[in-house]
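Hi,

Here is the structure I promised to pass on. Have a look at it first, and then read on for what turned up.

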Amino acid sequence: MEQEAAISVQGLRHRYGRRVIYDGLDLCVPRGRVVALLGKNGVGKTTLIRILMGFLRPMAGTCRVLGAPSHALDEATRRRVGLLFEGHVAYDFMTIAQIERFHAPFYPAWNRDLYYDLVQRLGLPHDHVIARMSEGQRSQVVLGLLMAQRPELLILDDYSMGLDAGYRRLFVDMMAEYLRDGERTVFLTSHVIQDMERFVEDIVFLERGGAARRFGLRDFLRDFCCYRLPKSAGRPLPEPGGSVRNVEEHAGHVEIFSFAAPDALAGELAARGCACDGLERLPMSLEDAFIGYTGRY
Amino acid sequence: MLRAVLAKELHKAGRWLAVLLAANALAATGLWLRTRTLFHREHAEIVWYQVMQLGHPFCDMLRHLPLATGAGLALAQFLPEMRDERLRLSLHLPADSSLLILAHLAAGLAGLAACLAVQAAGIALTVRAWFPAEMTGHALALWTPRALAGAAGYLGMALVLLEPSFLRRLTNVCIAAAAAGLFLLPPQGGIPLSLWSAASLPLLALAVLHPVGRYRNRKVD
């Protein structure tokens, strides 16, 4: 299993002062999959990404990237891993051409055509300085550099940060095209959930305290349901627990989030003393499902 | 790797290097003009007596310029690396991290050497114009500890800027100030202290690798 995993996290413990971020986190990202890390703010997504990128040393546990310890990646492993830092960080004092010439010598499999195919869509001259680009344009340069590197594993930290809808779509479409051969692994975070449906295969929910649960995206969207239940006087509201993952209260109804089928849920609620007259299943986007799973606050 | 790093550093700090070169050229010109004024105001014998017999340094106006040049060059080179933690881009490159950082330092020291060469040329030309030729070596020997203070200032500032922990950064400020100060102390007879102090420069360069390692292996953001 360890051989197959692009990322393997076992018993990871980390804390900031007294605040425990993870207390025995286990996570496995198989090779060839596109996996998104989801979770509410403050659950430790950025910390995990920083550990995986090798710029934060875990306090305990093992964290391996392509088989090597994440905090001590050797040169050969670093060559196989592409990193996108939050905010599309780049050496922005360079021009489009200069930054390509800087990175190229470090990667034997460098494909400059992939880089220039992408950046030429921006319609900018090659001597255009990156610092004078918009966030969206810079994201394309950074993506072009990552693609030219042709890494086996891409770790993308909030790739959508600062991008408008057009550039987000361009980024996602280029990424989906790049991943078409199915041999590359991507592990990513983003605050824009809805784009993920276009290219993500698995999602990992990270919860406060460091529990992680992985789902296939299609399975999750199929199995995780939102049910609408009208409020009525004297009827107790359902509480989370059992197969009820979360309950959101609205003015005239409650929304119940659960992996249970309608009949099973109705039976469970009835056993708890909640009548289920008018229970109906609502369609959900991935973003709806994310909020339903993690809660609004 | 070295060529790529040199090119990157030139793109990043090239403008500041040009500014520092111009400042050093201006200072060297100022030294020449000031010495000329001195010889217009005083008899040449008096000036020679003061400089060659009494040992009054005629190029004292350049005393702190190498140090300022070194520190300025390190700021131009490493502040952009620490902004948004861009240093991560270089540290993830598939190359030996220590060699990579030493290549950055080599690039900076090469730039500093260019600035110091301008100063040295200014001193040499001034001496040639107003003093006996034998005085050139003496003037450059007086100036050498200050040039070494520039190298210490450059390496010390790099040591400070690359350190991720605030408290250790303060410690590194003290180390850098002490290292640079050693070269600015007056000679105490016999072998100038600066010659012994010069041995500290390679150690200071190696010390810069330490905060980079700590940057990579820190346990807290």
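Before the details, one term you'll need: a salt bridge here is a side-chain nitrogen of Lys or Arg within 4 Å of a carboxyl oxygen of Asp or Glu. Please also keep in mind that this is a predicted model.

With that in hand, start between the chains. The side chains of A:D92 and B:R86 form a salt bridge, at 3.1 Å from N to O. Across the interface of chain A and chain B there are two salt bridges by this rule, along with 14 residue pairs in polar contact, both residues of each pair being at pLDDT 80 or more. On the chain A side, at least two residues each come from strand 1 (5-16), helix 1 (45-53), helix 2 (75-79), strand 6 (81-84) and helix 3 (96-103). Sorted by type, the residues of chain A that touch chain B are 18 nonpolar, six polar and seven charged.

How much area is buried between chain A and chain B? It comes to about 3,000 Å², and carbon and sulfur atoms give 60% of that. The contact takes in 31 residues of chain A and 31 residues of chain B.

Now to the inside of chain A. Chain A is split into domain 1 (5-219) and domain 2 (224-294), and the C-alpha centres of these two domains of chain A are 35 Å apart. Domain 1 of chain A brings 13 residues to the contact and domain 2 of chain A brings nine. Between them, about 990 Å² is buried, with 68% of it from carbon and sulfur atoms. On the domain 1 side, A:K40, A:I193 and A:F205 supply 43% of the area buried against domain 2 of chain A, more than any other three residues.

The rule finds one salt bridge across this domain interface, as well as three residue pairs in polar contact, again with both residues at pLDDT 80 or more. Which elements give two or more residues to the side of domain 1 of chain A that touches domain 2 of chain A? They are strand 10 (212-216) and helix 7 (217-223) of chain A. By type, the residues on that side are six nonpolar, two polar and five charged. Another pair to look at is A:E207 and A:R245, whose side chains meet in a salt bridge at 3.0 Å, N to O.

Over all chains, the search finds 23 salt bridges. One of them joins the side chains of A:D23 and A:R13, at 2.2 Å from N to O. A:D23 sits in strand 2 (residues 19-30) of chain A and A:R13 in strand 1 of chain A, so this pair ties together parts that are ten residues apart in sequence.

Last, the cysteines. How many disulfides does a search of the whole structure find? Zero, over all chains. For A:C28, the closest cysteine sulfur is in A:C63, 12 Å away, which is too far for a bond. The sulfur of A:C226 has its closest cysteine sulfur in A:C225, and at 8.8 Å that is too far for a bond as well.

Happy browsing!

Notes:
Residues numbered from 1 in each chain as written. Chains lettered and ligands numbered in written order. Predicted model: local features only at pLDDT ≥ 70, side-chain atom pairs only at ≥ 80, totals over all residues. Heavy atoms only, no water. Domains from an automatic or database assignment. Contact = heavy atoms within 4.5 Å. Buried area = accessible area lost by both parts, 1.4 Å probe. Polar contact = N/O pair within 3.5 Å; in protein donor to acceptor, adjacent residues only side chain to side chain. Helix = DSSP H or I, 4+ residues; strand = E, 2+ residues; numbered from the N terminus. Nonpolar A, V, L, I, M, F, W, Y, C, P; charged D, E, K, R; others polar. Disulfide = S-S within 2.5 Å.
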